[in-house]
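Reader: Please take a close look at one part of this model, the salt bridges, and go through them pair by pair. I would like to know where the partners sit and how accessible they are.

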Amino acid sequence: MKRILMPLLATGLFALASCGDDKGASAENGNASDNTMTSSATGGDTVSATMPAGSEKPENQPGAAGSAQSDNGNGAMNGTEPAAGGQAMGDPNGPTGPHKDDKEFMMTAAHSDQNEIQQSKMALAKGVTGMAKEMANKMIADHAKSTADLKAIAAKKGVTLPTDMDAEHKAMKPAMEKLSGKEFEAKYLSQMQADHQKTANIMRAHEKMTQDPDLKAFIGKTVPVVEQHLGMAMKGSDMKM
């Protein structure tokens with residue numbers, strides 16, 4: 001009898017031990033699932049279920065995000081807007097008007113002086129104030145000086161300079177004369193900005209082109225003043241906006 005009972009008892013104990021092990025393993029697997037841990041057996045299903053939608057796309061990976069930030073940074077650095085407080089400059093490759101030779105350059109420069117002088121005299125006659133008045137007085141003084149300097153050079157070259165505004169500014173004069181007050185001031189400052197940008201462009205372009213030492217010296221002395229005027233006009237126009 002003992003020989004029969006002993007094997008049966010051993011079998012029963014082994015079966016109980018196996019059941020205990022299975023329950024422990026189930027409990028461990030249950031905890032792992034609750035904590036969304038991943039094992040090679042799950043094939044990564046648990047992880048994919050807990051990651052944000054679309055995270056598998058290349059553009060949403062960390063490397064792609066870093067590249068996008070870099071591109072945005074470069075875009076800001078390569079923007080066309082000038083830095084605040086930057087120096088106003090002429091652009092030799094910008095719209096320049098006629099300057100095919102030294103004579104034509106001198107004619108254009110003389111017209112430019114008269115454009116600014118006569119428009120500024122109109123501004124003072126209309127009683128402009130503040131920045132517009134300051135600019136008008138400066139335009140008359142500085143452009144009268146550049147006219148005198150240019151006349152001396154032209155006389156040496158046998159060139160007779162014009163003493164009036166160019167056709168474009170003569171044509172716009174009646175419309176400006178009809179304006180008054182703040183409306184005139186805004187138009188005047190806006191026109192000063194456009195005129196001086198064009199003149200600065202012409203001078204920078206001809207400075208590179210001419211071989212005449214007198215004109216090179218004239219441009220070298222005059223263009224910084226023109227660019228200062230441009231900066232004033234830009235600032236004044238911004239204040240009127």
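Author: A helix here is a DSSP run of H or I that covers at least four residues, and helices are numbered from the N terminus. The model is predicted.

R204 and E207 both belong to helix α7, 3 residues apart, which is about one turn of the helix. Their side chains meet in a salt bridge, with 3.3 Å from N to O. A salt bridge requires a side-chain nitrogen of Lys or Arg within 4 Å of a carboxyl oxygen of Asp or Glu, and the R204–E207 pair, at 3.3 Å, is counted as one. E207 has a relative accessibility of 24%, so it counts as partly exposed. By the same rule, the count comes to 10 salt bridges.

K157 and D212 make another of these pairs, their closest N and O atoms being 2.7 Å apart. As for accessibility, D212 counts as buried because its relative value is 12%, and buried means under 20%. K157 has a relative accessible area of 33% and is therefore partly exposed.

K156 also lies in helix α5, which spans residues 130-157. The side chain of K156 makes a polar contact with the side chain of D214, at 2.9 Å. In sequence K156 and D214 are 58 residues apart, yet from C-alpha to C-alpha they are 9.7 Å apart in space. The relative accessible area of K156 is 60%, so this lysine is exposed; the cut-off for exposed is over 50%.

These residues belong together: K156, K157, D212 and D214 are linked in a network of salt bridges. Side chains of opposite charge can pair when their charged atoms come close.

One further pair is D164 with K170, a salt bridge whose closest N and O atoms are 3.5 Å apart. D164 has 30% relative accessibility and so counts as partly exposed. K170 is likewise partly exposed, because its relative accessible area is 43%.

Conventions. Residues numbered from 1 in each chain as written. Predicted model: local features only at pLDDT ≥ 70, side-chain atom pairs only at ≥ 80, totals over all residues. Heavy atoms only, no water. Helix = DSSP H or I, 4+ residues; strand = E, 2+ residues; numbered from the N terminus. Buried < 20%, exposed > 50% of the residue type's maximum accessible area, 1.4 Å probe, protein only. Polar contact = N/O pair within 3.5 Å; in protein donor to acceptor, adjacent residues only side chain to side chain.
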